[in-house]
Amino acid sequence: MSENTDVWEVFIQSKNGLAHKHVGNVHATDKEMALQNARDLYTRRNEGSCIWVVKSEYIISSESEDGEAFFDPSNDKMYRHPTFYTMPDGAKNI
Amino acid sequence: MSNLLNYTLRIADNAIILGQRMSQWCSNGPTLEEDIAMVNISLDLFGQANGFYEYASSIDGNKSVDDFAFLRSEREYFNNLIVEQKNGHFGDTIVRNFLFDAYSVLFYNKLSESKDEILAALGAKSLKEAKYHLRHSSNWLIRLGDGTEESNIKVQKSLEDIWMYTGNLFEMDDIDNELLKSGIAVDNSSLINDWDKKVNEILDKAKLNKPEDCYMQTGSKKGLHTEHLGHLLSDMQFLQRAYPNAKW
């Protein structure tokens, strides 16, 4: 059967308000099966409150050879980092 | 045996026997994902069985949960005939589970309104799981029925083969009627319309034909079973029978 299935990437939101985090992938033939398989594989121990599944083919990734052009230019731009501010005590999840 | 004990065992027995059936898929699932999904369902069902057996144990005052699960013979089990039917191929399992899950959701929904607070609480807890199980089996049934010509023929046959065990789900005997009067039991016979509706809806989507009315097998409420239950129990109870009082 596995020759008929696609790979889907799974993203789990652990708590309401937090970002969905990539946790792995599943095989499935359709979106409902992908969602259920993700639920059965990745939320068995109370890990999540919401699941996203996305067909892997729809995820566009940068290539490792793009690394220099993409990321090196930000190396010497310290002023883009908010390191000169103090964090307010009450702020969480930033 | 009190009526309440007998009634509680019927519910627990349904859960443990179907749980045992689903555990037999472990390492035999059609895909890794489905294998885990079916074992999850099995574990849900064992959890339900444990809850109802704990209540049975407190009513009985003598027997433990393990005594109920592992030291009763076939004739002392009161599960519905449909849950003991063999797994067969994946489509057989899906059809059996779908027909039972559709009943189970309706049953637990009503049980959660029982005047017996513990049965009501166990019913409410089990209902959430049953809803997921129904979603799982419904989706697979639609996929298989409306899949290829071969998968359609196969699950249509599964449906014909198991149909005669569905009537048993809606039977009422003296124990049911007695407990229904005091607001404890579910009126199984009242569930059939909603069950029909659900079954028709899914079979329609799955491009499957509902089997024609036929003779319905009966007997589970008296401990009369098909030949499959004995084999299942001999496997499930082997350890406690061979090594009495063995502990983890």
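Two residues are in contact if their C-beta atoms, placed from the backbone, lie within 7 Å. The structure is a predicted model, in which local features need pLDDT of at least 70 and side-chain atom pairs count only at pLDDT 80 or more, while totals for chains, interfaces and linings use all residues. Residues are numbered from 1 along each chain as its sequence is written, and chains are lettered from A and ligands numbered from 1 in the order in which they are written.

**View 1. Helices H2(B) and H6(B) pack against each other.** Helices are DSSP runs (H or I, at least four residues), numbered from the N terminus. Ala37(B), Ile41(B), Asp44(B), Gln48(B), Gly51(B), Phe52(B) and Tyr55(B) of H2(B) meet Ile118(B), Leu122(B), Lys125(B), Ser126(B), Glu129(B), His133(B) and His136(B) of H6(B). By class, this contact has 6 nonpolar, 5 polar and 3 charged residues. Ala, Val, Leu, Ile, Met, Phe, Trp, Tyr, Cys and Pro count as nonpolar, Asp, Glu, Lys and Arg as charged, and the others, Gly among them, as polar. The packing angle is about 165 degrees, and the axes are 11 Å apart. H2(B) is therefore roughly antiparallel to H6(B), a term for angles over 145 degrees. The axes are lines fitted to C-alpha atoms over the stretch in contact, and angles run from 0 to 180 degrees between N-to-C directions.

**View 2. Chain B touches chain A.** Here 8 residues of chain B are in contact with 12 residues of chain A. On the chain B side, the elements that give two or more residues are helix H2 (32–60) and helix H6 (117–145). H2(B) gives the most, with 4 residues. This side of chain B divides into 3 nonpolar, 4 polar and 1 charged.

**View 3. Leu99(B) lies in helix H5 (residues 90–111) of chain B.** Leu99(B) counts as buried because it has 24 C-beta neighbours inside 10 Å; the cut-off is 20 or more other C-beta atoms within 10 Å. Not counting residues up to four places away in sequence, Leu99(B) touches Ile82(B), Ile162(B), Thr166(B) and Val199(B).

**View 4. The largest nonpolar core has 63 residues.** Such a core is a set of buried Ala, Val, Leu, Ile, Met, Phe, Trp, Tyr and Cys residues joined through C-beta atoms within 7 Å. Among the residues with the most contacts inside this core are Phe52(B), Leu99(B) and Leu141(B). H5(B) gives the most to this core, with 13 residues. A second, separate core of 9 residues includes Trp8(A) and Val53(A).

Terms used
Angles under 35 degrees count as roughly parallel, over 145 as roughly antiparallel, 65 to 115 as roughly perpendicular and the rest as oblique. A residue is buried if 20 or more other C-beta atoms lie within 10 Å of its own, exposed if 12 or fewer, and partly exposed in between; C-beta atoms are placed from the backbone.
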